[in-house]
Amino acid sequence: MDAAIMAEAQEQALGIFADAVLKLALHIQREAMAADDLDQTVRAAGAVHRLGRGLRQTLALQAKLARDARRHAAEPVEAPPPAKASEPPVPPDPKTLALRRRRDWLTRGVERCVWNEYERDEEAGEFTGDSLLEDLHERLADLMADPDGFLALDPNDLVVQLCKELGVTPPKFQMSAPALPVGLAAASASVNGHDSS
């Protein structure tokens, strides 16, 4: 079965399930509100709470599958490069290395903040955390579209900004960001409006 067809079928099944859970939760809530017995009301409220949790998890999984499908559809299909005879690989230029290091450092910093607030051991927490990290990767890709501007931003301020955008508590202390290569550090300072002399 084609992966796109399977993903669409999964998304439809999750939508049908989410709709059924919502209808059941609303029905139980109406029954609880009409019940004369307090114990029956409390049991029904617990059932609604559990159904609500299941609904949130289902919606989070559905959103994750949709994002994965969009990302997969947007990825270009590349043919493998032809094999070259014993040519040593060309190392990436300093700017590319600096971009990767900055991106990886920011990712680790924000990931720690996300997992401080959401439990990986709980399904809902894991789905929410994974969803936030997907949003982080998209945001970083947007920022990296302007490499010079991305490298000119203060990394600690950027961690705080990204955490706030995702709705998680930023770190309470500054972390040591990877240093920029000398030529890039001077260019970054001039972009920031600082004179390196």
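Predicted model: local features only at pLDDT ≥ 70, side-chain atom pairs only at ≥ 80, totals over all residues.
There are zero disulfides in this structure, a disulfide being a pair of cysteine sulfur atoms within 2.5 Å. Cys 113 takes part in none, and the nearest cysteine sulfur, in Cys 163, lies 3.7 Å away. Residues are numbered from 1 along each chain as its sequence is written, and side-chain values use heavy atoms, with hydrogens and water left out.

**The two cysteines**
- Cys 113 is buried at a relative accessible area of 5%, where buried means under 20% relative accessible area, exposed over 50% and partly exposed in between (1.4 Å probe, protein chains only).
- Cys 163 also counts as buried, with a relative accessibility of 0%.

**Confidence**
- The average pLDDT of the chain is 80, and 84% of the residues score at least 70; pLDDT is the predictor's confidence in each residue, from 0 to 100.

**Overall build**
- The chain has seven helices and zero strands, taken as DSSP runs numbered from the N terminus (helices: H or I, at least four residues; strands: E, at least two).
- Of its 197 residues, 28% count as buried.
- Contacts are heavy atoms within 4.5 Å, and of those in the chain with a separation of 6 or more, 67% join residues 24 or more positions apart.
- The accessible surface of the chain is about 13400 Å², with 57% of it belonging to carbon and sulfur atoms; the areas come from the Shrake-Rupley method with a 1.4 Å probe, and for residues only the protein chains shown count as cover.

- Arg 102 sits in helix H3 (residues 94–117).
- Arg 102 is buried yet has no salt bridge, and the nearest side chain of opposite charge, Asp 154, is 7.8 Å away.
- A salt bridge here is a side-chain nitrogen of Lys or Arg within 4 Å of a carboxyl oxygen of Asp or Glu; Lys and Arg count as positive, Asp and Glu as negative, and His and the chain ends are not counted.
- Beyond its neighbours within four places in sequence, Arg 102 contacts residues including Phe 150, Leu 153 and Pro 178.
- Gly 109 is found in helix H3 and is buried, with a relative accessible area of 2%.
- The C-alpha atoms of Gly 109 and Val 160 are separated by 9.4 Å, although the two are 51 residues apart along the chain.
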